[in-house]
Amino acid sequence: MDSCEIRASGEGSGDCVGEGRVSAAELQGIMDRIRSRVEEQQVQAAFEIRRLTKTSSRNRRHLSAAIEPLVLMLRSGSFQSAEAAILGLLNLAVKDERNKISIVEAGALKPMIICLASPDSDLQGYATAALYTLSASSVNKARISASGAIPLLIKVLEIGSQQAKIDAIATLYNLSTITDDLRTVLSLRPIPPLISFLQTCKKSSKTAEKCCALLESLVGFDEGRTALTAEEGGVLAVVEILEEGSLQSRGHAVGALLTLCESDRSRYKEVILKEGAIPGLLELTVQGTPKSQAKARRLLELLRDSPCRRSELQAEMLENVVSSIVSRIGGDEQAEKAKKILAEMVQISMEQSLRHLRRRALMCTPAEPPLGNHRSEVSSK
């Protein structure tokens, strides 16, 4: 599994019967130990909670009463206690909306933020994973933002472990649905670490999708557009996703480039052309989702010397638009790739036109019987 696809700790894939049900006696024993004042017993109980709730939603429900003692343990314990408590809370929160909310309401955010700022990379990573899980709840987002987590998440994105960076991106992605949070993120110069991550991760990964989605949101602001184009390799990283990413990532990539060009065509057109966006855009007009295809066509229109006045590029005009752009592409390899894709597009366009003509001919066939025994020139398929 690629490093960009490693799941956050505790992100279980479903119930696992191997963990077994928690008996009443076992539950009582765990609760007794987690509430004791003996650190060793508390740590042991926290690790038991972590194990039992790792993949079992049933056990998460049965052990939800341990949330408050675990939060108290997280607040007042040693490094060992903090580690055990945060891992127990993390697994209790996975795929359980009520537990996510209860953990935040129990006061877990403040000690988690302290762990997030820890110089210990493991504890920092556990805190990042926990915040990622908690931020999946819409109820928690505003409180997580208000806790001061965003600046620390950007710091993790800059210097954290690879897994911590993955979880930080996912957390920021979850928080980015709040416009004020986007402004806060933008004020902390997130573009350089996001681009650095995008350049090294697997382009088709889920984390690349979230990274591109964040970039698309950030370039909605002038500061974000300036930062992306000022960052060395910034636009190129987006163009590479346009060519190699998943369908979702490519949709976000073309959205980001289109936002650039629509905001100030004269300023950003040459920047996009220089980084070789045309082959990826051509391919997207054929293979993308309907929304991505429309965005790619609109961007191709804007990249012409004189953009069309119509709000949308008509299909029959696309080849002419692309031809005018291809003629100005630098580099033999890029030009050849663009021409090859263009040839495929022309073929597809011809086939689509033929199908359209056939459908029209069938719809326009007169109701009266045809003269003689002549067969129709257009056959249905």
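Ser176 is buried, with a relative accessible area of 15%; buried means under 20% relative accessible area, exposed over 50%, and partly exposed in between, with a 1.4 Å probe and protein chains only. The structure is a predicted model, in which local features need pLDDT of at least 70, side-chain atom pairs count only at pLDDT 80 or more, and totals for chains, interfaces and linings use all residues. Residues are numbered from 1 along each chain as its sequence is written, and side-chain values use heavy atoms, with hydrogens and water left out.

Ser176 sits in the loop that joins α11 (162-175) to α12 (179-187). Helices (H or I, at least four residues) and strands (E, at least two) are DSSP runs, numbered from the N terminus. Leaving aside residues up to four places away in sequence, Ser176 touches Leu182 and Leu214, where contact means heavy atoms within 4.5 Å.

Ile154 belongs to helix α10 (residues 149-159). Ile154 is also buried, at 2% relative accessibility. Its contacts, not counting residues up to four places away in sequence, are Leu172, Val185, Leu188 and Pro190. Between Ile154 and Pro193 there are 8.1 Å in space, C-alpha to C-alpha, although the two are 39 residues apart in sequence.

In helix α16 (residues 234-244), the buried residues are Gly234, Val235, Ala237, Val238, Val239, Ile241 and Leu242. These buried residues pack against α13 (191-200), α14 (206-218), α15 (222-230), α17 (247-263), α18 (265-274) and α19 (278-287). An α-helix has 3.6 residues a turn, so residues three or four places apart point the same way.

Helices α4 (residues 67-76) and α5 (residues 79-93) pack at an angle of about 145°, and their axes are 8 Å apart. Axes are lines fitted to C-alpha atoms, for helices over the stretch in contact, and angles run from 0 to 180 degrees between N-to-C directions. From α4, Ile67, Leu70, Val71, Met73 and Leu74 meet Ser81, Ala82, Ala84, Ala85, Ile86, Gly88, Leu89 and Leu92 of α5. This contact of α4 with α5 has 11 nonpolar, 2 polar and no charged residues. Ala, Val, Leu, Ile, Met, Phe, Trp, Tyr, Cys and Pro count as nonpolar, Asp, Glu, Lys and Arg as charged, and the others, Gly among them, as polar.

A disulfide is a pair of cysteine sulfur atoms within 2.5 Å, and by this rule the count is 0 disulfides. Cys212 is in no disulfide, and the nearest cysteine sulfur, that of Cys211, is 6.1 Å away. Cys212 is buried at 2% relative accessibility, and Cys115 is buried with a relative accessible area of 4%.
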